[in-house]
Amino acid sequence: MKKQKLAILGSTGSIGTQSLEIIRQHPDKFEVIALSANSNWKLLAEQVKEFNPEFTLIGDESHAKDLEKVCSGATLLSGKKHLPELASLENVDTVLNALVGYSGFDSTLAAIKAGKRVALANKESLVVGGEIITEELKKSNAELIPVDSEHSAMLQCLTGESLDNIEKIIITASGGPFRTFTKEQLQNVTVEQALNHPNWDMGAKITIDSSTMMNKGLEIIEAHWLFDIPVHKIQPVIHPQSIIHSMITFIDGSSKAQLGLPDMKVPIIYSLSYPERLDLDTPRMNWNEAQNLTFEPVDFDKFPCVRLAMESIETGGYAPAILNAANEVAVQRFLNKEIGYIHIPEIVEKSLANIDWNDSLNAETLKEIDKETRVFAKSIIK
């Protein structure tokens with residue numbers, strides 16, 4: 001593979017830092033052109049010194065002068081409004097979008113319009129604007145390669161296969177820290193408990209989403225757009241060991257699964273090297289030991305966020321964007337200890353029921369519906 005020139009959006013987060021670990025292992029395959037962070041300017045400064053990018057962006061403008069004092073040689077941008085500029089730089093081949101939440105949508109869209117390969121770790125881009133993004137993909141020579149472990153698994157299972165032969169996509173979920181909790185026990189969940197994921201080390205927002213299983217709902221929406229598969233053909237299944245990351249069942253009754261120890265560097269490196277593979281220094285499965293792989297159905301009553309997400313894509317239009325905005329607000333309110341854990345799905349459901357838009361779907365109206373939803377979601381359940 002030719003040397004890839006990269007823009008990494010969200011370089012100080014979990015996905016971003018693991019991506020840079022991969023680049024350290026393969027300096028002959030990757031060159032960092034641009035790095036961005038939201039507020040962690042000290043870590044960003046260390047990354048700039050090590051990787052010497054041409055462009056650096058700090059989202060929190062109050063830290064721009066701090067960064068400027070310690071970084072020289074790179075063009076420094078401040079403010080999230082400049083993120084789409086990094087995503088569409090002429091000398092960038094691949095944009096790794098590891099931004100958190102709706103803020104990643106504009107950058108994904110800009111990169112696609114510029115004909116880039118997008119390694120997408122920002123699932124919200126497709127959740128809020130999947131219809132817009134897929135239409136833009138048809139107009140350009142851009143590529144969209146998933147970074148989520150589940151969607152990377154789907155892509156690997158589908159390589160060499162026809163999408164017409166898919167009978168069902170089985171998307172696995174660990175079940176999070178509350179898999180065995182009763183509905184009554186969920187009423188007393190604390191922030192500290194919800195942030196303690198049994199298998200994965202992730203940022204706070206995605207960890208809470210994993211515990212409510214909203215993350216799985218968002219991933220179902222993402223799979224719908226990535227592979228043009230109706231939601232009724234996507235089935236979530238609890239798999240506590242997180243070894244099988246997704247499976248595909250074909251029309252002849254056979255199935256493919258992609259397996260591996262929980263390690264986000266595996267799907268990250270696949271997204272950057274696809275369709276080739278690069279060696280990766282990471283733990284392997286030990287097949288000399290007995291393995292116990294188990295599966296359970298999802299309890300939609302206990303985890304209503306999955307049902308709400310699946311219903312939103314069936315409703316279509318702005319419903320997924322409302323779902324996403326309400327969830328982002330609810331999760332932050334829970335992290336701030338303003339609301340209880342069980343109020344997260346309540347806020348999402350009430351937002352879906354109370355916000356109605358009939359305008360045509362486009363990037364500008366998406367911003368308006370996102371803004372209105374956030375105001376509403378902040379105002380309920382005091």
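1. A crossing of two helices is called left-handed if the near helix is turned anticlockwise from the far one by less than a right angle, and right-handed if it is turned clockwise. In this predicted model, helix α11 passes α14 in a left-handed crossing. The residues that make the contact are Met214, Leu218 and Ile221 on the α11 side, and Pro320, Leu323, Asn324 and Asn327 on the α14 side.

2. Helix α11 covers residues 214-227, and its axis comes within 12 Å of the axis of α14, crossing at roughly 155°. That makes α11 roughly antiparallel to α14, because angles over 145 degrees count as roughly antiparallel.

3. Is helix α7 enclosed or open? Of its 10 residues, 10 are buried, so α7 is largely enclosed by the rest of the structure. The buried residues include His151, Met154, Gln156 and Cys157. Among the elements that cover them are the strands β7 (143-146), β8 (166-173), β10 and β11 (255-259), along with the helices α11 and α12. After α7 comes Gly160, with a positive phi near 85°.

4. Ser149 belongs to α7, which spans residues 149-158. Its relative accessible area is 8%, and it counts as buried because the cut-off is under 20%. The side chains of Ser149 and Glu150 are joined by a polar contact of 3.2 Å. Both residues are among the positions that UniProt, in an unreviewed entry, marks with the feature "binding site".

5. Lys123 sits in the loop between β6 (117-120) and α6 (124-139). Lys123 is buried, with a relative accessible area of 3%. Apart from neighbours within four places in sequence, Lys123 is in contact with Asp148, Ile206, Asn215, Leu218, Glu219 and Glu222.

6. Ser11 is placed in the loop between β1 (4-9) and α1 (14-25). With 0% relative accessibility, Ser11 counts as buried. Its side chain makes a polar contact of 2.7 Å with the side chain of Gln47. Beyond neighbours within four places in sequence, the residues in contact with Ser11 include Thr17, Leu20, Leu35, Ser36 and Leu44.

7. Some backbone angles deserve a look. Most residues other than glycine have a negative phi, and most peptide bonds are trans. Ser242 has a positive phi, near 55°, and lies in the loop between β9 (234-238) and β10 (244-250). Lys337 also has a positive phi, near 65°, and lies in the loop between α14 (319-335) and α15 (343-354).

8. Pro275 is in the loop that runs between α12 (265-273) and β12 (296-297).

Note on methods. Residues numbered from 1 in each chain as written. Predicted model: local features only at pLDDT ≥ 70, side-chain atom pairs only at ≥ 80, totals over all residues. Heavy atoms only, no water. Helix = DSSP H or I, 4+ residues; strand = E, 2+ residues; numbered from the N terminus. Buried < 20%, exposed > 50% of the residue type's maximum accessible area, 1.4 Å probe, protein only. Polar contact = N/O pair within 3.5 Å; in protein donor to acceptor, adjacent residues only side chain to side chain. Contact = heavy atoms within 4.5 Å. UniProt positions renumbered as here; feature names shortened; annotations may be inferred. Axes fitted to C-alpha atoms, helices over the stretch in contact; angles between N-to-C directions. Parallel < 35°, antiparallel > 145°, perpendicular 65-115°, else oblique.
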